[in-house]
Amino acid sequence: MTPDPGPPGRGSAPSTHRAPVPLTKEPDPPERDGPGPGPTARERGSGHRTHRPWSARRLPAVLVASVILLAALAALVDVIAVRAGHPAAAWRRHLADELAARSVDDVWILTGAAVAAAVGLWLIVLALTPGLRRWLPLRSPADCPRLRASLDRDGAAGLLRDAAMRVAGVGAARVRVRRHRITAHAEVRFRDPRQVKDDLTTVLGEERDRLALARPPRITVRVRRRAG
């Protein structure tokens, strides 16, 4: 019998029964801006690369597609009827006569042009703006930049209001969340209102940071002593 060689030491040869290691490339460790733990530069800047989600614009798309489809079908059916030897439809003859008889500065021509321009401008605005203004984008993780998440404004306001009610001296609180500002109104039952305001600002700032918003809004706190 030969003695058990035991676990290989530093200078021993590798064992042939060692488990295979998968040949996958490990991600590089994130670089730190300074010594010690803390958020990396990529984590701090990831919020600025996260954009608000874009709305699908289903209703405007359905309306525009329906109008174009109906107009195209009506024109196509009339053209096929004319090619088959039938007279043109009355609506097309009436439209051609009206367009030929009216001048460019006619009231109805100007009204139709204004409506068409307004609709076109509306569609351009819808195409160039993301919409979904009630949703606040959250920061994407540094190791998964394609991950997207959003938080409803009412939900964020509810969380901030609950945090405000935990401050000593606050009897009632209202929080309103917008894209660039968080406005909090609080009624003070006891304590100095200035101290309550400072505590509210600190607590709301900490709660806002926990929400991990891509663009943290500014915080405005207004307090008043409760009457009676």
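These entries go from the whole chain to single residues.

**Entry 1: whole chain.** I noted before anything else that this is a predicted model. I counted six helices and five strands in the protein chain. Read from the N terminus, I get the order α-α-α-α-β-β-α-β-β-α-β. The protein chain has 228 residues, and 20% of them are buried.

**Entry 2: surface patch.** Which residues form a nonpolar patch on the surface? I found L69, L73, L76 and I80 there, and together they have about 380 Å² of accessible area. I placed L69 in helix α2, which covers residues 58-83.

Entry 3: I looked up the total and got ten salt bridges in the structure. One of them joins the side chains of R92 and D78, at 2.1 Å from N to O. R92 lies in helix α3 and D78 in helix α2, so this pair ties together parts that are 14 residues apart in sequence. Are the two partners buried or exposed? D78 is buried, because its relative accessible area is 5% and the cut-off for buried is under 20%. R92 counts as partly exposed, at 31% relative accessibility.

Entry 4: I then went to helix α6, residues 193-210. The side chains of R210 and E207 meet in a salt bridge there, at 3.0 Å from N to O. R210 and E207 are three residues apart, about one turn of the helix. On accessibility, R210 counts as exposed at 58%, whereas E207 is buried with a relative accessible area of 11%. I also recorded a salt bridge between the side chains of D209 and R208, at 3.5 Å from N to O. D209 is partly exposed, with a relative accessible area of 45%, and R208 is buried, with 18%.

Entry 5: Where does D106 lie? I found D106 in the loop between α3 (90-101) and α4 (107-128). D106 counts as buried because its relative accessibility is 18%, under the 20% cut-off. I listed the partners of D106 in turn. The side chain of D106 makes a polar contact with the side chain of R102, at 3.2 Å. E98, R102 and D106 are linked in a network of salt bridges. At the start of α4, a side-chain oxygen of D106 also reaches to within 2.9 Å of the backbone nitrogen of W108.

**Entry 6: span of α4.** I checked the length of α4 last. This helix has 22 residues and reaches 31 Å from its first C-alpha to its last. At 1.5 Å a residue, 32 Å is expected for α4, and the value found is close to that.

Note on methods: Residues are numbered from 1 along each chain as its sequence is written. This is a predicted model: local features need pLDDT of at least 70, side-chain atom pairs count only at pLDDT 80 or more; totals for chains, interfaces and linings use all residues. Side-chain values use heavy atoms; hydrogens and water are left out. Patches are made of residues with over 30% relative accessible area and no salt bridge: like charges are joined within 9 Å, nonpolar side chains (Val, Leu, Ile, Met, Phe, Trp, Tyr) within 5 Å. Accessible areas come from the Shrake-Rupley method with a 1.4 Å probe; for residues, only the protein chains shown count as cover. A salt bridge is a side-chain nitrogen of Lys or Arg within 4 Å of a carboxyl oxygen of Asp or Glu. Helices (H or I, at least four residues) and strands (E, at least two) are DSSP runs, numbered from the N terminus. Buried means under 20% relative accessible area, exposed over 50%, partly exposed in between (1.4 Å probe, protein chains only). A polar contact is a pair of N or O atoms within 3.5 Å; within protein, one must be able to donate a hydrogen and the other to accept it, and residues adjacent in sequence count only if both atoms are side-chain atoms. The expected span of a helix is 1.5 Å times one less than its number of residues.
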